[in-house]
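Here is a short briefing to read beside the model. Keep the sequence at hand as you go.

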Amino acid sequence: MLQELRVTQTGVQILFAFLLTLAFTPRFPSLDTVQRATYITTLLLSVLAAVLFTAPAALHRRLFQQGAKPQIVAVSSHLAQAGMGVLAFALTGSVLLVVDVTAGRLGGILAGAGTLVVCLGLWGVVPLLVKRAGRSPRDS
């Protein structure tokens, strides 16, 4: 699980860094109200995702060798799942913002919706289908 979190955590940190730099670009003051709201929401979602993905490491560190391994694994799994959900929305917001600024509002909405569908499909639906396919007929 920790290896999985290292991968996602790095991606979230890169996204967060990208978003932080946007506010200091020359074009940022020209963003309209919707674009600024999208930016702030996406920035905060990326912070929340980063916190959710780093929380298992902090939990593990605080409870290391205290006989809490089952609880650490269970809570860490829930935190990682929540982090993936929040990350899906942070990625959606990022794509929405960038495409909105570069290609227009409709393009941004479509690209953001597409991003959300892909994330939900690959991170939510595919695992459910794999799980279902792995069941034998007597498990049903």
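The UniProt annotation "transmembrane region", from an unreviewed entry, covers residues 7–25, 37–59, 79–99 and 105–130. UniProt positions follow the numbering used here, feature names are shortened, and annotations may be inferred rather than shown by experiment. This is a predicted model: local features need pLDDT of at least 70, side-chain atom pairs count only at pLDDT 80 or more, and totals for chains, interfaces and linings use all residues. Residues are numbered from 1 along each chain as its sequence is written, and side-chain values use heavy atoms, leaving out hydrogens and water.

**Annotated stretches**
- Residues 79–99 are 100% helix and 0% strand, with end C-alpha atoms 30 Å apart.
- Residues 105–130 are also 100% helix and 0% strand. Here the end C-alpha atoms are 36 Å apart.
- Helices (H or I, at least four residues) and strands (E, at least two) are DSSP runs, numbered from the N terminus.

**Nonpolar core**
- The largest nonpolar core has 19 residues. Such a core is a set of buried Ala, Val, Leu, Ile, Met, Phe, Trp, Tyr and Cys residues joined through side-chain atoms within 4.5 Å.
- Those with the most contacts inside this core are Val12, Leu19, Tyr39, Ala49, Phe53 and Leu87.
- Three helices each supply at least two residues of this core: α1 (2–22), α2 (33–63) and α3 (69–103).
- Tyr39 touches Leu19, Leu20, Leu22, Ala23, Phe28 and Leu97, leaving aside residues up to four places away in sequence. Contact means heavy atoms within 4.5 Å.

**Salt bridges**
- The structure holds two salt bridges. In each, a side-chain nitrogen of Lys or Arg is within 4 Å of a carboxyl oxygen of Asp or Glu.
- One joins Asp32 and Arg105, at 2.7 Å from N to O. This pair links distant parts of the chain, 73 residues apart: Asp32 is in the loop between α1 and α2, Arg105 in helix α4.
- Arg105 also forms a salt bridge with Asp100, with the closest N and O atoms 2.9 Å apart.
- Asp100 is buried, because its relative accessible area is 8%. Asp32 is partly exposed at 32%, and Arg105 is partly exposed at 31%.
- The cut-offs are: buried under 20% relative accessible area, exposed over 50%, partly exposed in between (1.4 Å probe, protein chains only).

**Surface patch**
- Val118, Leu122, Trp123, Val126 and Val130 form a nonpolar patch on the surface. Together they have about 450 Å² of accessible area, from the Shrake-Rupley method with a 1.4 Å probe, where for residues only the protein chains shown count as cover.
- Patches are made of residues with over 30% relative accessible area and no salt bridge; like charges are joined within 9 Å, nonpolar side chains (Val, Leu, Ile, Met, Phe, Trp, Tyr) within 5 Å.
- Val126 lies in helix α4 (residues 105–134). Val126 counts as partly exposed because its relative accessibility is 36%.

**Two more residues**
- Val75 is in helix α3 and is partly exposed, at 40% relative accessible area. Val75 and Ala55 are 20 residues apart in sequence and 9.5 Å apart in space, C-alpha to C-alpha.
- Gln65 lies in the loop between α2 and α3. Its phi is near 55°, a positive value in a residue other than glycine. Gln65 counts as exposed, at 71% relative accessibility.
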